[in-house]
Amino acid sequence: MVIPVPVTGPSAKVSFYVEGGGTGVEARIYDTAFSLVTTVVEQKTFGSGWSSLALDTQALSNGTYYVKIVIHAPGGDAHRSKAIYVAK
């Protein structure tokens, strides 16, 4: 889940679920051509349960972007993608 929808200010929050505890979480923002725009976090550890990350959206132009979250865990990696809509 991304809050707010659409993103109208300088930041947003993306929530995700980590099952069993993640040994490292990566989050990156891509544009609609799937080109990397920015890395939000790389190899941050989260405990089991719901977690969230703050997204700095100040440098993003109006449009649609995708947040890709990869959760590295002992049982295998989990991939999550969430669309964000920026309308400043």
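The side chains of E26 and R28 meet in a salt bridge, 2.7 Å from N to O, where the term stands for a side-chain nitrogen of Lys or Arg within 4 Å of a carboxyl oxygen of Asp or Glu. Side chains of opposite charge can pair when their charged atoms come close. Both partners are tucked away: E26 is buried with a relative accessible area of 15%, and R28 is buried at 17%. Buried here means under 20% relative accessible area, with exposed being over 50% and partly exposed in between (1.4 Å probe, protein chains only).

This is a predicted model, so local features need pLDDT of at least 70 and side-chain atom pairs count only at pLDDT 80 or more, while totals for chains, interfaces and linings use all residues. Residues are numbered from 1 along each chain as its sequence is written, and side-chain values use heavy atoms, leaving out hydrogens and water.

Now follow R28 to its other partner. The side chains of R28 and E42 also meet in a salt bridge, at 3.4 Å from N to O. R28 lies in strand β3 (residues 22-30) and E42 in strand β4 (residues 36-46), so the pair ties together parts that are 14 residues apart in sequence. Strands are DSSP runs of E with at least two residues, numbered from the N terminus. The structure holds two salt bridges, and E26, R28 and E42 are linked in a network.

Next, let us visit T57, in the loop between β5 (49-56) and β6 (63-72). T57 is buried, with a relative accessible area of 0%. A polar atom of the T57 side chain lies 3.3 Å from the backbone nitrogen of S11.

Definitions and conventions:
Helices (H or I, at least four residues) and strands (E, at least two) are DSSP runs, numbered from the N terminus. A polar contact is a pair of N or O atoms within 3.5 Å; within protein, one must be able to donate a hydrogen and the other to accept it, and residues adjacent in sequence count only if both atoms are side-chain atoms.
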